[in-house]
Amino acid sequence: GERVLIVSLEMLPWRTMSRMTRQACGMSHPVNKLIDVFHNWTNGKLWLFDHVGRIAPARALALCRYFVDVHQGTHIVLDSWMMVCSSEENLDEQKQFSTDLCRLAQETGLHVHVVAHCRKPGGTSSEDKPPSRYDIRGSGAISDQAANVLSVWMNKKKFAKLDTNPNDMDALAEPCGVLRCDKQRNGAWEGALQLWHDHGSLRFCDDRTSPVEPYQFMTKEHA
């Protein structure tokens, strides 16, 4: 019953839909009938904002309210923070936008998911270890005011080893990435999940060997 709007300001809608179709179908080249099943399933559940490039904070907030008021939206994904608050130096703008998003979520019940990037590694930081909430680029208010903070880390060392030796069994056993719950204001659990990436479906899986299958709702409707 969720109604989701994806505002991907760095990717064209057809590319987003193409990737989601591969993920839902569990394969790199799904047949047309399975594609139709997924696209029909998204009707009334998924909206894509047809715009690539920066939008002002006020317009982003107005878009959120429009989705709630007109489409009874429940979730919105803003990708990414830097396409709304483009200046890393303007911390006041970032703090105000973070405050406004939190207020909007409280007033409307909308779940707002914002993609924020990490600072470039330097000094004591390194791409060899997962980042924390304190590595988010920009104002500290981004993570301070958020109810939840999830970080995603890519294990680049693994892929460097596999470039040298594709049959390196130790490297293959390493996770492709880590999803870490670094903050959960209203929950008890914080921790990390190891993930393996399936290239064909573009999915992240919790183990390396299990087969990737279409999601259950796909197979039910396809049957």
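**Exercise 1.** In this predicted model, is aspartate 182 buried or exposed?

*Solution.* Start with the relative accessible area of aspartate 182, which is 13%. Buried means under 20%, so aspartate 182 is buried. Now turn to its partner: aspartate 182 forms a salt bridge with arginine 180, and the closest N and O atoms are 3.4 Å apart. Arginine 180 has a relative accessibility of 32%, so this residue counts as partly exposed.

**Exercise 2.** Find which residue pairs with lysine 157 in a salt bridge, and work out which parts of the chain the pair ties together.

*Solution.* First, the partner is aspartate 128, with 3.9 Å between the closest N and O atoms. The cut-off is within 4 Å, so the pair qualifies. Finally, check accessibility: lysine 157 is partly exposed at 49%, and aspartate 128 is partly exposed at 46%.

**Exercise 3.** Locate the salt bridge between arginine 103 and aspartate 100: in which helix do the two residues lie?

*Solution.* Begin with the contact, where the two side chains meet at 3.0 Å, N to O. Last, arginine 103 has 40% relative accessibility and counts as partly exposed.

**Exercise 4.** How many salt bridges does the count come to?

*Solution.* Applying the within 4 Å rule, the count comes to seven salt bridges. Among them are the pairs arginine 180 with aspartate 182, lysine 157 with aspartate 128, and arginine 103 with aspartate 100.

Terms used. Residues numbered from 1 in each chain as written. Predicted model: local features only at pLDDT ≥ 70, side-chain atom pairs only at ≥ 80, totals over all residues. Heavy atoms only, no water. Buried < 20%, exposed > 50% of the residue type's maximum accessible area, 1.4 Å probe, protein only. Helix = DSSP H or I, 4+ residues; strand = E, 2+ residues; numbered from the N terminus.
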